[in-house]
Amino acid sequence: MSASFPALLLRLVRNETLKVLKRRRFRVVLAVLAALLSLVVFAQARQQAAAQREGRGSDWRASAERRATQMERRAGSPRIPPAFARYLKYEAGRLRYHLEKGIDPNARTGPAFCLGFAGLGSVLFLPLLVAVVASDLVSSETSEGTMKLLLTRPVARWKVLLGKLVAMGLFTTLTVAASAALSWGLAGFAFGWRGWGAPVLTGFQLGSGGSLDVSAARAVPLWQDAIVSYGLAWYSALAVGCVTVLLSVVFRSAAAALGTMMATLVSGTILSRVAADWEAARWFFVTALPLPDYYAGLPTPVPGMSLAFCAAILAGWAAAATALAFVLFVRRDVTG
Amino acid sequence: MEPGTGGDVVLVAEGLAKRYGDREVVSDVSFRLRRGEVFGFLGPNGAGKTTTIRMLVGLVRPTRGRVLIEGFDVRRRFEDALRHVGCIVETPDLYRFLTGRENLEHFARMLGDGAEGRIDSLAALVRMEGRLDEPVGTYSLGMRQRIGIAQALLGDPTVLLLDEPANGLDPAGIREMRELIRHLAEERGLAVFVSSHLLSEVERTCDRVAIVHRGKTLAEGSLDELTGGGARSLEELFLERTGGETV
Ligand SMILES: Nc1ncnc2c1ncn2[C@@H]1O[C@H](COP(=O)(O)OP(=O)(O)O)[C@@H](O)[C@H]1O
Ligand SMILES: [Mg+2]
């Protein structure tokens, strides 16, 4: 008999990791991440500079007050769709609460940018980067013909796939960690690297009728909020990884798997914005992806979705996708 | 141990059949493979040779029949059965973005049991020691074929399955391949299964032969038995058994 199962799994994961690195997929992920973050930081720095030139922005209270008033006025307009009016009222309420507590909701610091990116990135960007690596894991072996070697070694198919899933988890973790580190590091150049201890308000909830409920809101140090937010971003990125591995099992070509995932993410995001009141949208995993936003109590596109509900939706999709991937991978004929 | 597999027999294929959709591409393939022999699996293109090999190594699930390797059923005891097998199915596909050595290390890690320690001696055996650290993407077909054989031998198997190993090689390459196959059977006692659509190649390389035609094995025996001690050529036998169709 050969060595123990954990030792074998470790060697399988090492193989998968080696292949991802040698294919240079992860390098592309890091490069795209750095490029996009630089762009966003640059744009925000320009915006801030322009605001300061015009004399705005020097007093965050005045600008928050102005925005809150604007939103309340627009929310009252009959031409605004009800879902958007709810969003505006909620957001205005959030701003007013910040004013009341004397905490700048849009403080521009490296750590604040990093925190904001957890929510921003988990909608579309982190899932896409995770999919770049995950879509390749199985389909590349199919299309390059190496699958028949991989599956004629004395290692049961489910173990081979498990090795690939663990590698997916590993690179997903690295991607999320890299996005936290890079967003802080790059934003630091423009807005400074300090500010981890600043208070942020979190825990807003959607009350009955779509109004803002501040009873659970509280101020926590930013670093604490960032750890929770990136933990949640990691959780939803893992769910995306599991669904992408299923696509990678189904499709012979990595491009088809990645393309399908991209189309799903983009159309899911659009769907949750334009059809927010459509009941079925809440069962779709893309709607549940921005867990950090649900946690922070930011106004979310589909009303009535709690953090726990979204986490459960993602877990359900990930579990179903993984189970299906195992069944297909273990049972199917390897031809051609 | 399953019954009927003792002694020299290392691989048994029993009544194998495979249906794709409503087309049965293999309908009745049976043969036995013995230690130390080179076994030719001879049939024209499309006869079902590759499909049979895919069933032998568990890539494809047979519609009927079973495969025993060293007494282990490939479907029920996959890991125990495949531990004794090395194979190249259809084309010697390897990771083109890895070097020859990295490829061998990759598959050695799947085996454990000190397989990594055999890499250098196997590279020498297939005469690839000089190019081992170059990317496989730069190798010729013949070189990939040889690294493929080294890979197949990493686990110290008793059965080696090669799917048309002469395909795409030049005459010198074909001869080298033939010598390597004979060496593995005669010196190392491996059972080597070689599929081919080339009569002459099979005649030159193999000890025993099975003729496969339209998904059925029509005859199995030593070259001597099949040709009546040389009374007729393998070609004549083939034409007779397949009703005049050429290889
Ligand atoms: N996955 C598949 N689906 C349908 N038909 C197949 C498939 N694979 C092979 N075939 C058919 O089965 C027959 C036997 O193919 P194959 O086993 O590759 O023959 P050989 O290796 O002897 O040339 C061919 O007619 C081929 O077209
Ligand atoms: Mg073939």
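Tutor: A polar contact is a pair of N or O atoms within 3.5 Å. Keep in mind that this model is predicted.

Student: What is the count of residue pairs in polar contact between chain B and chain A?

Tutor: The count is 19 residue pairs, with both residues at pLDDT 80 or more.

Student: Why is the link between Asp333(A) and Lys18(B) called a salt bridge?

Tutor: Their closest N and O atoms are 2.6 Å apart. The cut-off is 4 Å between a side-chain nitrogen of Lys or Arg and a carboxyl oxygen of Asp or Glu, so the pair qualifies. Between chain B and chain A the count is 4 salt bridges.

Student: Which element of chain B gives the most to the side that touches chain A?

Tutor: That is α3(B), with 6 residues. The residues of this side divide into 16 nonpolar, 6 polar and 9 charged.

Student: How much area is buried between chain B and chain A?

Tutor: About 3,200 Å², with carbon and sulfur atoms giving 55%. Leu59(B), Arg109(B) and Met110(B) supply 24% of what chain B buries against chain A, more than any other three residues.

Student: What makes the set around Leu161(B) and Val192(B) a nonpolar core?

Tutor: A nonpolar core joins buried residues of kinds such as Leu and Val through side-chain atoms within 4.5 Å. Leu161(B) and Val192(B) have the most contacts inside the largest such core, which has 153 residues. Helix α10 of chain A gives the most to this core, with 11 residues.

Student: Which residues does Val192(B) touch, leaving out those up to four places away in sequence?

Tutor: Among them are Leu33(B), Phe39(B), Leu160(B) and Ile181(B). Glu37(B) is another one of its contacts.

Note on methods: Residues are numbered from 1 along each chain as its sequence is written. Chains are lettered from A and ligands numbered from 1 in the order in which they are written. This is a predicted model: local features need pLDDT of at least 70, side-chain atom pairs count only at pLDDT 80 or more; totals for chains, interfaces and linings use all residues. Side-chain values use heavy atoms; hydrogens and water are left out. Buried means under 20% relative accessible area, exposed over 50%, partly exposed in between (1.4 Å probe, protein chains only). Helices (H or I, at least four residues) and strands (E, at least two) are DSSP runs, numbered from the N terminus. Contact means heavy atoms within 4.5 Å. Buried area is the accessible area (1.4 Å probe) that two parts lose on being put together, summed over both. A polar contact is a pair of N or O atoms within 3.5 Å; within protein, one must be able to donate a hydrogen and the other to accept it, and residues adjacent in sequence count only if both atoms are side-chain atoms. Ala, Val, Leu, Ile, Met, Phe, Trp, Tyr, Cys and Pro count as nonpolar, Asp, Glu, Lys and Arg as charged, and the others, Gly among them, as polar.
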